[in-house]
Amino acid sequence: MKGGVLITFEGIEGSGKSTHLHLAEEFLRAEGLPTVVTFEPGATPLGRELRQLLLSATLPLQPLAELFLFLADRAEHVRQVIKPALEAGKVVLCDRFVDSTTAYQGYGRGLDLAFVKEGNRRATGGIWPRLTILLDCEVEVGLARTRGVDRFEEEGVEFHKRVREGYLRIAEEEPLRVKVVDSSHRPKGEVQGEIRGILRGFLEEWASGGL
Ligand code: TYD
């Protein structure tokens with residue numbers, strides 16, 4: 001069997017991406033595809049430690065230090081989890097990946113975008129998603145669905161608006177890879193239906209060797 005494929009789910013807090021990722025997993029398994037689900041930050045032993053630091057609402061963390069910790073998590077995650085799964089021919093679904101860093105540390109915190117891109121490239125060793133589902137949702141709607149207890153949930157509306165705009169910019173720049181799915185005011189079933197349609201089309205092309 002040929003190598004696997006990496007599909008990522010992205011979006012602001014409360015956009016529903018984790019829920020939809022798990023529904024997508026059910027769909028892929030039902031289709032008989034060998035599927036691995038993973039997430040960032042925190043999917044490795046190092047990552048679990050980093051996650052505590054990154055999400056702490058009380059530990060001071062400079063934006064640049066925050067960037068490096070997310071990249072450290074990714075460097076470990078790619079080599080320990082994602083790359084081996086891809087080499088084993090799996091469909092890897094990842095909850096947040098490189099676009100989170102561009103959206104949050106780049107657009108949200110205002111760090112240099114070219115530097116963030118280079119950091120992502122180094123951390124991943126060039127392993128890049130072939131498809132990204134971006135759950136787009138109004139900031140006020142998303143934040144109302146979260147509890148506001150971690151470093152990012154505590155940030156103000158303006159920060160999350162920059163993150164959302166950043167995501168939409170990424171989608172504009174890479175329309176073939178990044179598919180925007182509106183999750184603001186639609187029933188869950190309808191949103192998931194759209195996601196499954198995207199996945200079906202993508203996987204057909206992948207299976208036929210078109211990707
Ligand atoms: P998590 O509890 O996993 O949030 P969610 O359920 O919204 O995915 O927390 C991850 C937080 O870390 C989230 O607020 C986004 C942020 N983050 C970044 O700022 N940069 C990154 O590169 C990644 C992976 C996450």
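Is Glu165 buried, partly exposed or exposed? Glu165 is partly exposed, with a relative accessible area of 49%; buried means under 20% relative accessible area, exposed over 50%, and partly exposed in between, with a 1.4 Å probe and protein chains only.

## Basis of the model

This is a predicted model, in which local features need pLDDT of at least 70 and side-chain atom pairs count only at pLDDT 80 or more, while totals for chains, interfaces and linings use all residues. Residues are numbered from 1 along each chain as its sequence is written, and side-chain values use heavy atoms, with hydrogens and water left out.

## Position of Glu165

Glu165 lies in helix H7. Helices (H or I, at least four residues) and strands (E, at least two) are DSSP runs, numbered from the N terminus. Between Glu165 and Glu76 there are 89 residues in sequence and 28 Å in space, C-alpha to C-alpha.

## Aromatic pairs

A search of the whole structure gives six aromatic pairs. Rings of Phe, Tyr and Trp (its six-membered ring) pair if their centres lie within 6.5 Å; planes under 30 degrees apart count as stacked, over 60 as edge-to-face and the rest as tilted. One of the pairs is Phe70 with Phe152, which is tilted, at 5.9 Å centre to centre and 50° between the planes. Phe70 lies in helix H3 (residues 63–87) and Phe152 in the loop between helix H6 (139–144) and helix H7 (157–173), so this pair ties together parts that are 82 residues apart in sequence. Phe70 counts as buried because its relative accessibility is 10%, and Phe152 counts as buried at 5%.

Phe152 also pairs with Tyr104, in an edge-to-face arrangement at 5.7 Å centre to centre and 90° between the planes. This second pair links distant parts of the chain, with Tyr104 in helix H4 (residues 98–108) and Phe152 in the loop between H6 and H7, 48 residues apart. Tyr104 is buried, with a relative accessible area of 4%. Phe70, Tyr104 and Phe152 belong to one aromatic cluster together with Phe159 and Tyr167.

## A charge over a ring

Arg74 lies over the face of Phe97, at 5.4 Å from the ring centre. A charge sits over a ring if NZ of Lys or CZ of Arg is within 6 Å of the ring centre and within 35 degrees of the ring normal.

## Salt bridges

Side chains of opposite charge can pair when their charged atoms come close. The structure holds 15 salt bridges, each a side-chain nitrogen of Lys or Arg within 4 Å of a carboxyl oxygen of Asp or Glu. Glu118 takes part in a salt bridge with Arg121 (3.1 Å, N to O) and in another with Arg122 (3.0 Å, N to O). Glu118 and Arg121 both lie in helix H5 (residues 113–124), three residues apart, while Arg122 and Glu118 are four residues apart in H5, about one turn of the helix. Glu118 is partly exposed at 29% relative accessible area, Arg121 is partly exposed at 45%, and Arg122 is exposed at 59%.

Arg186 and Glu194 meet through their side chains in a salt bridge (2.9 Å, N to O). Arg186 is partly exposed at 24% relative accessibility, as is Glu194 with a relative accessible area of 31%. A network of salt bridges links Glu66, Arg109 and Glu155.

## Nonpolar core

In soluble globular proteins, nonpolar side chains tend to be buried together. A nonpolar core is a set of buried Ala, Val, Leu, Ile, Met, Phe, Trp, Tyr and Cys residues joined through side-chain atoms within 4.5 Å. The largest such core has 20 residues, of which Ile7, Phe9, Leu93, Ile133, Ile195 and Leu199 touch the most other members. At least two residues of this core come from each of strand E1 (5–11), helix H1 (17–30), strand E3 (91–95), strand E4 (131–136) and helix H8 (188–207). H8 supplies the largest share, seven residues.

## Nonpolar surface patch

Leu64, Phe68 and Phe115 make a nonpolar surface patch of about 280 Å². Patches are made of residues with over 30% relative accessible area and no salt bridge, with like charges joined within 9 Å and nonpolar side chains (Val, Leu, Ile, Met, Phe, Trp, Tyr) within 5 Å; accessible areas come from the Shrake-Rupley method with a 1.4 Å probe, and for residues only the protein chains shown count as cover. Phe68 is found in helix H3 and is partly exposed, with a relative accessible area of 44%.
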